[in-house]
Amino acid sequence: MQVTMTVNGTEHTREIEGRMLLVHFLRDVLGLTGTHWGCDTSNCGVCVVWLDGEPVKSCTVLAAMAGGHEVRTVEGLAEGAELDPIQEGFRQCHGLQCGFCTPGMLMTCRALLDRNPDPTEGEIREAISGQICRCTGYSSIVRSVQWTAAHEAAAAATKEEAVAP
Ligand code: FES
Ligand code: FES
């Protein structure tokens, strides 16, 4: 069957088998290997991408179901050489070690901050509760999100000051 979807702002049309999962479409057909594939049982969350702005586990979505929709992957976070603040937060606060869980964590945490710019620690932990990290013990991931929230709040305040009469 033929499927057309927009991934990180670019439209792609490909012939695929109807049973192909979105994670395999992204990795094996489009070569976007930033999205990882781990458990195959919907438990680990390394495969999280956005589908029309909502984080989804791409191992639970058929590629055909994404037809006509917008997908955003970890490759779509940075603007050229400029990291998204959530990527910078993970860098600053050591939110990753081996990095296997990181693409999914970044997509979930970016989505959290977009809908809740000042989450509590409990809200952060709840947001990432569907994802497994074997390395960090989660504390540095929580700190990374808190750093990003504070950084974005400070940047917004500076911008407001600059435009104030
Ligand atoms: S590979 Fe999708 S949840 Fe583990
Ligand atoms: S950094 Fe290794 S699994 Fe999370």
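**Exercise 1.** State which handedness the crossing of α2 and α3 has, and describe how the two helices pack.

*Solution.* Step 1: the crossing of α2 and α3 is right-handed (left-handed if the near helix is turned anticlockwise from the far one by less than a right angle, right-handed if clockwise). Helices here are DSSP runs (H or I, at least four residues), and strands are E runs of at least two, both numbered from the N terminus.

This is a predicted model, in which local features need pLDDT of at least 70, side-chain atom pairs count only at pLDDT 80 or more, and totals for chains, interfaces and linings use all residues. Residues are numbered from 1 along each chain as written, chains are lettered from A and ligands numbered from 1 in the order written, and side-chain values use heavy atoms, without hydrogens and water.

Step 2: the axes of α2 and α3 lie 9 Å apart, at an angle of about 120° (lines fitted to C-alpha atoms over the stretch in contact; angles run from 0 to 180 degrees between N-to-C directions). Therefore α2 is oblique to α3 (under 35 degrees is roughly parallel, over 145 roughly antiparallel, 65 to 115 roughly perpendicular, the rest oblique).

Step 3: P85, I86, Q87 and F90 of α2 meet residues of α3 including M105 and C109 (contact: heavy atoms within 4.5 Å).

**Exercise 2.** Find which residues V145 contacts, leaving aside neighbours within four places in sequence.

*Solution.* V145 touches I86, C109, L112, L113, P119 and I124, with those neighbours left aside.

**Exercise 3.** Decide whether E161 is buried or exposed.

*Solution.* Step 1: E161 belongs to helix α5. Step 2: its relative accessible area is 65%, so E161 is exposed (buried is under 20%, exposed over 50%, partly exposed in between; 1.4 Å probe, protein chains only).
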